[in-house]
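Biologist: I'm new to this one. Could you show me the structure and walk me through it?

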Amino acid sequence: MTTVCPSVEVERKTPFWKRLGRVPWTWRITIAYLTVMLFIPIAAMFLKASTEPPARFWAIATSEIALSTYNVTFVTAIFAALLNGVFGTLIAWVLVRYDFPLKRLIDATVDLPFALPTAVAGLTLATVYSNNGWIGSLLAPLGIKVSFTRTGVAVAMIFISLPFIVRTVQPVLQEMEHEIEEAAWCLGASQWQTFWKVILPPLFPTILTGVALGFSRAVGEYGSTVIISSNTPFQDLIAPVLIFQRLEQYDYSGATVIGIVLLSISLVLLLAINFLQARARRYDSR
């Protein structure tokens with residue numbers, strides 16, 4: 001027979017509205033801040049989109065140009081996030097496990113996309129990857145054009161989302177114990193087997209977190225992609241630019257509808273990534 005603490009029993013019998021008065025101030029401030037900065041704007045966006053009749057809402061959300069921008073935005077953002085998931089992890093590994101000249105400078109440079117205005121980043125990338133640019137001039141003879149194409153959009157998304165993966169994985173790598181790797185080597189495991197079976201499993205949820213952050217940043221990017229792409233419908237026009245074009249035409253409800261679709265698709269993809277994270281953590285705990 002279990003014994004219930006008297007204070008717990010009194011707490012259960014206390015009316016809910018009286019217990020609300022004893023909510024810690026940290027909770028109150030958190031809820032108030034999230035309400036003002038997150039919940040109310042999202043609710044306002046949904047209310048604005050609801051002014052459109054369902055048929056009109058569906059027509060705007062599934063128009064040919066809108067579907068094309070979803071494809072360019074999400075497919076390119078997923079590609080950029082996954083690519084950075086691989087190379088961002090590699091960069092974090094090198095920064096943590098090796099000492100080399102100018103290491104601190106390179107480590108600080110990783111954060112440059114955080115501080116650099118996105119318009120400046122887009123202008124720089126468009127110049128470097130143009131047919132006459134430092135990198136574009138090397139790719140042009142191969143028939144590869146980057147600036148003002150969908151490839152340029154991918155380059156911009158990779159550039160602005162890279163720090164999220166590196167800075168997410170780097171602290172976890174620093175906290176990993178080297179003794180586990182040494183034990184695996186003593187048992188006859190190769191370096192590749194050690195990485196694949198010892199290091200990667202606990203690191204995988206962290207990599208997914210970085211990929212999710214990078215994907216979110218890439219989907220919402222506007223400043224750099226609008227400069228490096230030609231913004232041509234059905235080619236490299238992304239959804240944020242389409243929203244801005246709708247706003248320029250004073251089609252506020254239409255822009256809001258596109259924004260709602262972006263929000264919904266992003267939420268579904270992030271929930272899927274969080275589900276994979278949870279599965280990976282449960283697997284690692286076993």
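Modeller: We'll go through pockets, cores and aromatic pairs in turn.

Biologist: Fine. What should I know before we start?

Modeller: This is a predicted model, so local features need pLDDT of at least 70, side-chain atom pairs count only at pLDDT 80 or more, and totals for chains, interfaces and linings use all residues. Residues are numbered from 1 along each chain as its sequence is written, and side-chain values use heavy atoms, with hydrogens and water left out.

Biologist: How much space lies in the largest pocket?

Modeller: About 590 Å³. A pocket here is an open set of points on a 1 Å grid over the protein atoms alone, where a 1.4 Å probe fits, with protein on both sides within 12 Å along at least five of seven lines. The volume is the space filled by probe spheres set on the points, which are joined across faces, edges and corners.

Biologist: Which residues are closest to its centre?

Modeller: Leu-200, Phe-204, Ile-207, Leu-208 and Val-211, out of 22 lining residues. Lining means having an atom within 4 Å of a point.

Biologist: And which elements give two or more residues to that lining?

Modeller: Helices H5 (64–97), H12 (191–219) and H15 (252–285). H12 has the largest share, 9 residues. Helices are DSSP runs of H or I, at least four residues, numbered from the N terminus.

Biologist: How does the lining divide by class?

Modeller: 20 nonpolar, 2 polar and no charged. Nonpolar covers Ala, Val, Leu, Ile, Met, Phe, Trp, Tyr, Cys and Pro; charged covers Asp, Glu, Lys and Arg; the others, Gly among them, are polar.

Biologist: What about the second largest pocket, what volume has it?

Modeller: About 370 Å³. It is lined by 15 residues, with Ile-91, Pro-113, Ile-158, Phe-159 and Leu-162 nearest its centre. H5, H6 (103–109), H7 (112–115) and H10 (150–175) each supply at least two of the lining residues. That lining has 13 nonpolar, 2 polar and no charged residues.

Biologist: Now the cores. How many residues has the largest nonpolar core?

Modeller: 42. Such a core is a set of buried Ala, Val, Leu, Ile, Met, Phe, Trp, Tyr and Cys residues joined through side-chain atoms within 4.5 Å. Buried means under 20% relative accessible area, exposed over 50%, partly exposed in between, with a 1.4 Å probe and protein chains only. Tyr-70, Val-169, Leu-173, Leu-203 and Ile-258 have the most contacts inside this core. H5 gives the most to this core, with 11 residues.

Biologist: What does Ile-258 contact?

Modeller: Leaving aside neighbours within four places in sequence, Ile-258 is in contact (heavy atoms within 4.5 Å) with Ile-60, Ala-66, Tyr-70, Ala-239, Leu-242 and Ile-243.

Biologist: Switching topic. How many aromatic pairs are there?

Modeller: 4 in the whole structure. Rings of Phe, Tyr and Trp (its six-membered ring) pair if their centres lie within 6.5 Å; planes under 30 degrees apart are stacked, over 60 edge-to-face, the rest tilted. Phe-74 and Phe-215 form a tilted pair, 6.3 Å centre to centre with 35° between the planes.

Biologist: What does that pair tie together?

Modeller: Phe-74 lies in H5 and Phe-215 in H12, so the pair ties together parts 141 residues apart in sequence.

Biologist: Are those two buried or exposed?

Modeller: Phe-74 is buried, and so is Phe-215.
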